[in-house]
Amino acid sequence: LLPALLLLLTAETAAAQYLHPQFQSGERNVHTVLLLPPRVYVQKEGMKGADAMFKESEEVRDSLSAMVSTVLREKRLNVMELPPPTAGRGGDELKYLLADMQDRYDRIGRLLDNKPKDVRKGRFSLGDEVSVLDPDDAADALVFIRASGTRLTKWRRASEVFVLGAHLWSEITISLAVVDSKTGEVLYFAKCQAKGDFVGKTDQVLLQPLQKALRDLPAPASRGDVVPKSP
Amino acid sequence: LELLEQSEQFEEQLEKNGGVYNDEKLNKYLDEVGRAVIPEGDPPERTRWRFRVIRSPYANAFALPNGSIYLSTGLLSLLENESQLASVIAHESAHVLNRHAFAFYKSARNRIRLINIAALAEAWAPLFGTVGSAVAMLATVSRIALVLTIYSYSRELETEADVHAAHRLLELNYDAKELLKTFRLLETSYEAEYVKLYYRNHPTLQKRIDYTSLELQSNPQQPVSAEQRAVYRVRYLSRTEKVLRHNVRLNVENRRFRTALALSQKLVEFRPESSENILLRADAFRELGPRTIEVRGEELSEKAWKIKQKLTPDEEERLLLATPPGRAALRTNQENADGLYRKALGLDSNNARAHLGFAFLLEQMQRPQEAAEHYREYLRLEPEARDGGRIRRRIEKINARPPL
């Protein structure tokens, strides 16, 4: 019963943040971010196995995007969003480009997940190709968001209690990365977890963990501030 | 119904997220071949036939319960002719016609429920002494057995689809032997990818070849003439040339440089005077960087694979460049790329992407001033390019360097 009790007690949220050294020192500054559409995967897990929840994934995605936008604005950042791709060839090209950059982030994302502390060493970069997502050079950084959650059915939760399992709650893990829009370097990476009904009560369950995850993100220096230069 | 709904939602999301490759001409071609392969008559209830292309560098095809058949860009790039395309569509259509997804879903769910019940028994049984321990052991064994039966059932369905495909090709005027070649092509790999497969949902290659050969032998087909085979080949390659190009770029983006190189060779062989095809081969050589064209033996070990998984792309390149074979490979690949870029530009001096690729190569080869010239040419030819800012920054960086 001990693991179950511990989990009950820690059914709150957990978050961790990692900053690029130049972002931490103020050498680099972010005023405007371009929020990319989050990639969200939600599944339902019951006694008969797991099922993808595509519709719910989209709903969580939209709420998550809006909430991240709000939290970033609260931190005095300008937030831009990608315009939805138009129909036809040009629209397809943009969709492909975005999908390729999201995939590129996911490949680096695996390493980020394993060794997030290495963000502090400036180890991760997506390459300067990412700047194609912001052709007008309007943003200083791009924000990549990932979320993966499992919603447990009542029977599944009951069975977990019965076998003294660890998964007593529906749970979602969110990660966010702020990436330099010109060089592709990962400037900030944060990860948080939330337990509870993140599908039905998305705002209620996710807002606090997101605020915690973005807590250490430096507020932009005002345009007149003197920013220390690297030697 | 739940499965059908999920299929629709999955497709919608795939389309929205840039997962579907849209090319009107290619879709029309797939539709023509698909409709010819599918037996006449109404589709099964609540299904409609649709043939689409998924953007994935890996060779794969799948059918959704709603009648949508997806072929990956990686698969279309690997196939060589229309008979092979027909064999893949015939195989996938069997899954829809015989409602395999429903059968598998139902069977798998029942087995998973049993697995969960076994887990419950396993958790509490030790509290009931010796009998309980025996129950726990039995529960563990049955859980493993149940997992294995899920895969075995899936293999059964795959075999049924293979046999259906063989019969369909025999009925139509497609070369049925191409089905066997398709199986072999699916095993083609140019990359050092270490994949440990404990369970397989498809029968092994040899088994597939064995039972399909038996089917073909027991139903002999009128030989397809050499002229007809040539028509199938040329028609297929000309209709899929564009998607093949797209897939070469997709492989580069996914760091599958050797596959990109092999596929670009196919393009150049098909149309040797195409500046676009030669450019793709040049790009593939440039991106191959310090890697050898063929996979080296040591790359195939589990240890090498694990190390690679822990490195960023830059770290991987640095590690390779620290070795003499890596440096030698880089020199050879750069020389090859250099020659090919020049050839591509000789064929079409207005090929903007060839100027861009050449500029990247020259910068990599520490020839910044020449690189800047080609960057400028690229911007002149593509003034509205999305990566204009990136290229201008590169030029500025070169200009800011002190002269050598």
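Colleague: How much area do chain B and chain A bury between them?

Modeller: This is a predicted model, in which local features need pLDDT of at least 70 and side-chain atom pairs count only at pLDDT 80 or more, whereas totals for chains, interfaces and linings use all residues. Residues are numbered from 1 along each chain as its sequence is written, chains are lettered from A in the order in which they are written, and side-chain values use heavy atoms, with hydrogens and water left out. Buried area is the accessible area (1.4 Å probe) that two parts lose on being put together, summed over both. On that basis, with 47% of the area on carbon and sulfur atoms, chain B and chain A bury about 3,500 Å².

Colleague: Which helix gives the largest share of the side of chain B that touches chain A?

Modeller: Contact (heavy atoms within 4.5 Å) involves 39 residues of chain B and 37 residues of chain A. Helices (H or I, at least four residues) and strands (E, at least two) are DSSP runs numbered from the N terminus, and those supplying at least two residues each to this side of chain B include helix H1 (2-16), helix H5 (100-124) and helix H9 (226-253). The largest share, nine residues, comes from H5(B).

Colleague: How many salt bridges are counted between chain B and chain A?

Modeller: A salt bridge is taken as a side-chain nitrogen of Lys or Arg within 4 Å of a carboxyl oxygen of Asp or Glu. Over all chains the whole structure holds 53 salt bridges, while between chain B and chain A the count is 10.

Colleague: Which strands of the open sheet in chain B stand at its edges, and why is one side of each left without a neighbour?

Modeller: The sheet has four strands in the order E1-E2-E4-E3 (chain B), with mixed pairing, where two strands pair if DSSP finds at least two bridges between them. E1(B) is joined to strand E2 (residues 50-54) of chain B by two bridges, the strands running antiparallel. Because each edge strand has a single partner strand, one side of it has no neighbour in the sheet, and these edge strands of chain B are E1 and E3 (61-63).

Colleague: At about what angle to E2(B) does H1(B) run?

Modeller: Axes are lines fitted to C-alpha atoms, for helices over the stretch in contact, and angles run from 0 to 180 degrees between N-to-C directions. H1(B) lies across E1, E2, E3 and strand E4 (68-72) of chain B, and its angle to E2(B) is about 45 degrees.
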